[in-house]
Amino acid sequence: MKLKIRLEQILVTGILIAFLFPLTTSVAFIKLATWNIPAAVLLFWIILRGLDKKIFQIKSFDTWDYSVVAIIIIFIVMTLLGREPISNTLSLLNYLYCFILAIYFRRAYGSIITPRYLILFAFFTIGLESLIGLIQQITSSEFGNLAVFLGETPETIELRSIGDTDMGRVHGTLGTGNLVGSWIVMFVPFIIYAGYYLRAKWLWFWQNSVVFLAIIALLLTISRFNIALFSGILLFIAGLNWWNNRHKRFRTLIKTRTFSFVIILLLLGTATTVTFWEEFGMMKKAVELRFGGTFESVNTEGGSTLGIAGRMEMNRGALQAFARSPVIGLGFKNSRWIWPTVDAKVPRNWIFQPHNVYLIMLVEGGIFLFLAYCFFTFYPFYRLWRLRNSGDLFLLAFLLSLSAAIGIQMIYITFTSGNFTAVYMLIQGLTMGYTDQLIAKQEHS
């Protein structure tokens, strides 16, 4: 049994590491992602194990699991009924494969993926993305971005300069600044609350160091919404800590080692600012250019969305398209073609999906897919709320991570990609597994 768990852990680790390098290739009519390889081996191993034990039953298959089944069936049916059914269905299969991962990760939590494992993974990946991002910015290179060397990345080239600042957005190993920012905001809560499961003498040092590096890397991504999400997470944690400690004396809130660490960071920050004053000025201008266009509309050429106002127009157009056919959706990826048919200020040559995953579900799958996806998304929140008095602070890590994911889905379309959707399914599945264990613990206490 120990050998089987060790083998499964190796394969799961391979999947998680592959998430960091989202390379894709086409084999015949099927598009494969990096993580598909260890995942396929894991699936084959699970099937062999089932044959050996002559059992394939998944225990405690509940409503949340059935919502995954509903999403898969409805999306396939709508895509087959829509435009370019064969090619779109083949693309859809890789996306739906991610949802199956959620079911697996739910049952892997606590045995294959332990809390300690998840925390160490968060430390490793955020540290890696932050350091590689810093190297990329210092060297003005794509160091660590394997897609540049193993495939075509037109978006990478496009994002190398902001305005006339020569200030590029770091891409880490993930390929775009938005993905790096999303990764940081989704995994940093597990670092902040690591002390609940990870006991180490220098844990406070590594926590502060990695969070500090993450803040720098996040600023260098110049990903506006992720910066706002990250700020919200830190403010929420600070406010919660203040609320919980409001009756304690102020002197107990500041530990000597933390104070010393902050002083050292301030001194290093001051020295770095003086040394790289010109570069910081360039970064300031780049940030102003990015945030200055936050509320502008879609540009006239239809080359990119400049801000929230443009995305709101896309959302309005998506609602109009849904109202015309609320039950029968257009099929996977076909929401790209609605813009010439709706009354919204979106260029008619715009060929991208709405920048809101929930509206994509409405337009591409109809009301029933939307309801299934909403249940799948929000049910873990309900479970976390039910367990709010459990006394387990790690609950906050899952709550903040899922909350960040909700925000990302409302403004970006990263969760329509088979690469980053899999990362979101990791968080969703582990949250359900975590709450399963807490509920079982309460029932037996």
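Predicted model: local features only at pLDDT ≥ 70, side-chain atom pairs only at ≥ 80, totals over all residues.
Q: How many helices and strands does the protein chain have?
A: Helices (H or I, at least four residues) and strands (E, at least two) are DSSP runs, numbered from the N terminus. The protein chain has 16 helices and two strands.

Q: What share of the residues counts as buried?
A: Buried means under 20% relative accessible area, exposed over 50%, and partly exposed in between, with a 1.4 Å probe and protein chains only. Here 49% of the 445 residues of the protein chain count as buried.

Q: Is glutamate 8 buried or exposed?
A: Glutamate 8 has 6% relative accessibility, so it counts as buried. Glutamate 8 is part of helix α1 (residues 2–19).

Q: Which residues does glutamate 8 touch?
A: A contact means heavy atoms within 4.5 Å. Leaving out residues up to four places away in sequence, glutamate 8 touches Leu42, Trp45, Arg49, Tyr104 and Ile112.

Q: How many aromatic pairs are found in the whole structure?
A: Rings of Phe, Tyr and Trp (its six-membered ring) pair if their centres lie within 6.5 Å; planes under 30 degrees apart count as stacked, over 60 as edge-to-face and the rest as tilted. The search finds 38 aromatic pairs. One of them joins tryptophan 64 and phenylalanine 376: the ring centres are 5.1 Å apart and the planes are at 20°, so this pair is stacked. Tryptophan 64 belongs to helix α3 (residues 63–81) and phenylalanine 376 to helix α14 (residues 357–386), so the pair ties together parts 312 residues apart in sequence. Tryptophan 64 counts as buried, at 0% relative accessibility, and phenylalanine 376 counts as buried at 0%.
A tilted pair is formed by phenylalanine 187 and phenylalanine 190, 6.4 Å centre to centre with 50° between the planes. These two are three residues apart in helix α8 (residues 177–192), so about one helical turn separates them.

Q: Where does the charged end of arginine 388 sit?
A: A charge sits over a ring if NZ of Lys or CZ of Arg is within 6 Å of the ring centre and within 35 degrees of the ring normal. The charged end of arginine 388 sits over the ring of tryptophan 385, 4.0 Å from its centre. Arginine 83 lies over the face of tryptophan 337, at 4.5 Å from the ring centre.

Q: What span should helix α9 have?
A: The expected span of a helix is 1.5 Å times one less than its number of residues. The 19 residues of α9 (residues 203–221) should span 27 Å, and its end C-alpha atoms are 27 Å apart, which agrees. Isoleucine 222 follows α9 and has a positive phi, near 50°.

Q: Which residues of the largest nonpolar core touch the most other members?
A: In soluble globular proteins, nonpolar side chains tend to be buried together. A nonpolar core is a set of buried Ala, Val, Leu, Ile, Met, Phe, Trp, Tyr and Cys residues joined through side-chain atoms within 4.5 Å. The largest core has 117 residues, of which Met186 and Phe187 touch the most other members. Helix α14 gives this core its largest share, 15 residues.

Methods. Residues numbered from 1 in each chain as written. Heavy atoms only, no water.
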